[in-house]
Amino acid sequence: MAAVATILDDIDDKFCQCCLCFKQYKDPRQLPCLHRYCSRCLDEEIKRTNGDLKCPLCQQEADVPEDGAQGLKRDFFMNEIIEFLDIKKSFQDEETHECGDCSKAVKARSYCFKCSEFLCEGCHEYHMTLKSLNEHRSYLLTLNDVKSKNLNLQKLSSLKQAPMCKTHQDLSRLCCKTCENMPVCTACTYGGHKSHEIEDAISLAIGKKEDLRKQLTILTKSKDRIEQDVEKTLQLQKDVVATADTKIAELDHDASEELDRIGQDLKAVHEECSKASRRIRDRGEGELERRQQNLEDEIKRIRKEHDEMKQTLKNDMDTSIRRSNETYSKKEYKLLSARENIEKQLQEGRSLISEEKVIKLGKTEVAIVNGKGTIERMQNLIETGSNILVSENNWTAIQNAGRVCAASEPLIQGSKEGFPELDEVLEFPQVSVSLGRAEKMKISDKPVIEVAFEDIKSKKWYIDGVAAAPDGTVVITGGTEQNQAHISVIKLDGKLSKHKLIDSEDMKAFCFCAYFGDEEFAIATRCNANIGLYNAYNNSYHSTDLRKVINKEVKVGCITADGSNDQIIVGCQDDPILYLLNGKLQLIRNINLQQIIKSPRDTVVSNGTIFICCKNSNSVYAVNMEGMLLHEQPLPDSENCTIPYSVCTSCNGSVYCLWVEKDTSSVQDCAITQYNPDDGSLLTTTPVRAVRGRMVAAEIVDAEKLLLLSEFGGILRVYGLEEDQ
């Protein structure tokens, strides 16, 4: 490390001021941190703190010697500077001094550090010429030296002679390391310092300076490293602000999109409600007109019957409209609640990120302050050590070099650690906004309603599908012994309200169903690959051949529908493709599934996500409308129920799946699972004793319930749903 030669004229007066009394140092003493104060000021500080002394500048703790400040190290370096400044001031102010040789009161020409006296012009010349004073010449400081303004610490140190032995008043050329580097003479080694560790002062100073020079090199590098860490931390602080602002902006953007979507859904619900009301009214009025036309010839005879029928139809229309309005009112309420929830999540998310931002900025601020404090201490040590290196006073190096090295060691070690507390400062808590549609529901252990449909049992019809409209209308589909497909509207009293039969080309007719909208149900029959829409109000049905629509031979396996988006989705056996059709039974596009989904057994669509019971892998998958796999639903908390047989969704968005133990029609242990539609997580598993069949959620007696219809025997089991507290 290059030595620093400090020009003494460049030293500011404040450099020699005590920061406690703001006066020039008097008997300066050094603390372990190498900060210096007046001896008297330190005694007052020790008294004020009851002996718990801390450096007023850097707050480093210091042990207090028994004799107070007098027991602390004297600052030789500062004493030299103060002495020079006093002499310089005397020269500059042209003060009158008594000559140390002739005792005349004159303006000083020079100062002899060996005599410790000012000299007049004549005595200065004697010092320069008399042979007996030859040793004094190297210790003379002249007025010209001061005026030249190029006197540095190195030259000043050369003017100072080595300290005198306090015992023998002889020049100290040795150092007693046993007595804390006390200056001693040769005679001392035979007296009080006999058997002590004695070393030549010059050799010791050279060694101390070399150790100090190496330590200062390391300290300088450590200081540079800390400065780099502080710069990085300042940049990190900016990154924290930028990251937090970005997170909040993303959160605002996500919330805005969700709120916009909710607004659009609300608008769509209102429009759908209005359209449904108009369609119901138009259909009712049209039916009234048709029947009225057929009865015109007998109007006189059956007027009373006509009036009663008119009132009945009006009541039916009013009831249907009321049920429709109630359904859409519930949807509106849920969407408004969702909007309120999103706004609440947004506020909480912004608050959480803002609080985290303040905490992290606080951490970076503390790190910066600590780093700058460490840099100041390092700089103080570097300046002190550099001045010791350029000083010719060996005793300054002996007394202070080791202390500088010791004081710098913990700073160097600390700099290697950097700022580990900032390693995770850019990690913010994950905050998102979502509708949180699914609530954990408790499914009743036993059916709250159990109904046997004797017509179905006696005719030996079987059930392949079940679907429900928002007003509680339930439609079942399946096959008959005569190889026909049947579509039936059922009542909870065990009766069939309506039914329609469809001829089949196959030995066994399979028929599946899903609610489409406005009392229309999407129907898919394996016989003839028939796809159609059935109206539960007037028992009408129109269909088309799926094979002609997709130009491919297939065996239909399941169907689901989303009437609000005019979508019908058909799955086929051993076919990894879902076919997306519109309400006119026209193909929109294919949805290509991943290879693990080869044969859908049952499927349902909700909010743009398709849930599939897969026959080939005995798993339940969630895919988007492009067929991309979102997640695989977890298995139920049941060791035996491992075959997913039916899947449906409820009004709150929850996904329910029926799992059976064996693929048989006998009574067995089954399980009903509830999943969160957003992440596929398993919410509940409810064991039930039932038979293999189809399941749907429906409004029964003003509350949503799960309907489980056995595949054979015509047994309907209704399970209650309530929020799990």
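**A first walk through a predicted chain**

Hello everyone. Among contacts in this chain (heavy atoms within 4.5 Å) between residues at least 6 apart in sequence, 55% join residues at least 24 apart.

Some ground rules before we go on. This is a predicted model, so to speak of local features we need a pLDDT of at least 70, and side-chain atom pairs count only at pLDDT 80 or more, while totals for chains, interfaces and linings use all residues. Residues are numbered from 1 along each chain as its sequence is written, and side-chain values use heavy atoms, with hydrogens and water left out.

On confidence: pLDDT is the predictor's confidence in each residue, from 0 to 100. The chain averages 82, and 90% of the residues score at least 70. Over residues 1-5, pLDDT stays under 50, and the model has 12 contacts for them beyond four places in sequence. Where pLDDT is low, the predicted coordinates should not be read in detail.

Now the overall picture. The chain holds 10 helices and 36 strands. These are DSSP runs numbered from the N terminus, with helices being H or I over at least four residues and strands being E over at least two. Of the 725 residues, 47% count as buried. Buried means under 20% relative accessible area, exposed means over 50%, and partly exposed is in between, with a 1.4 Å probe and protein chains only. The accessible surface comes to about 36,700 Å², and 47% of it belongs to carbon and sulfur atoms. Those areas come from the Shrake-Rupley method with a 1.4 Å probe; for residues, only the protein chains shown count as cover.

Let's zoom in on helix α1. Which of its residues are buried? In α1, residues 39-48, they are S39, C41, L42, E45 and I46. Seen down the axis, these buried residues fall within an arc of 160°, so they line one face of the helix. The arc is that of the directions from the helix axis to the C-beta atoms. As background, an α-helix has 3.6 residues a turn, so residues three or four places apart point the same way. On the other side of α1, R40, K47 and R48 are exposed. What do the buried residues pack against? They pack against β1 (28-30) and β2 (36-38). Just after the helix, N50 takes a positive phi of about 55°.

Stay with C41 for a moment. C41 is buried because its relative accessible area is 10%. How many disulfides are there? Counting a disulfide as a pair of cysteine sulfur atoms within 2.5 Å, the count comes to zero. C41 is accordingly in no disulfide, and the nearest cysteine sulfur, that of C21, is 3.7 Å away.

Helix α3, residues 121-129, has C123, H124 and H127 as its buried residues. They cover an arc of only 105° around the axis, which puts them on the same side of α3. Y126 and T129 are exposed on the other side.

Next, the interior. A nonpolar core here is a set of buried Ala, Val, Leu, Ile, Met, Phe, Trp, Tyr and Cys residues joined through side-chain atoms within 4.5 Å. The largest one has 36 residues, and those with the most contacts inside it are L212, L219, L381, I398 and V404. The elements giving two or more residues to this core are α6 (201-294), α7 (303-390) and α8 (394-417). The largest share, 12 residues, comes from α6. Leaving out residues up to four places away in sequence, V404 touches L34, L212, L216, L381, T384, G385 and I388. Apart from this core lies another, of 28 residues, with F77, M78, L85 and F91 among them.

One of V404's partners, L34, is worth a visit. L34 is in the loop between β1 and β2, and is buried, with a relative accessible area of 1%. L34 has a positive phi of about 75° although it is not a glycine. For context, most residues other than glycine have a negative phi. L585 is another residue other than glycine with a positive phi, near 65°. L585 sits in the loop between β24 (577-581) and β25 (587-592) and counts as buried at 6% relative accessibility.

Last stop: I82, in helix α2 (residues 76-92). Is I82 buried or exposed? At 8% relative accessibility, I82 counts as buried. Setting aside neighbours within four places in sequence, I82 is in contact with C16, Q24 and Y25. I82 and C16 are 66 residues apart in sequence, yet 7.0 Å apart in space, C-alpha to C-alpha.
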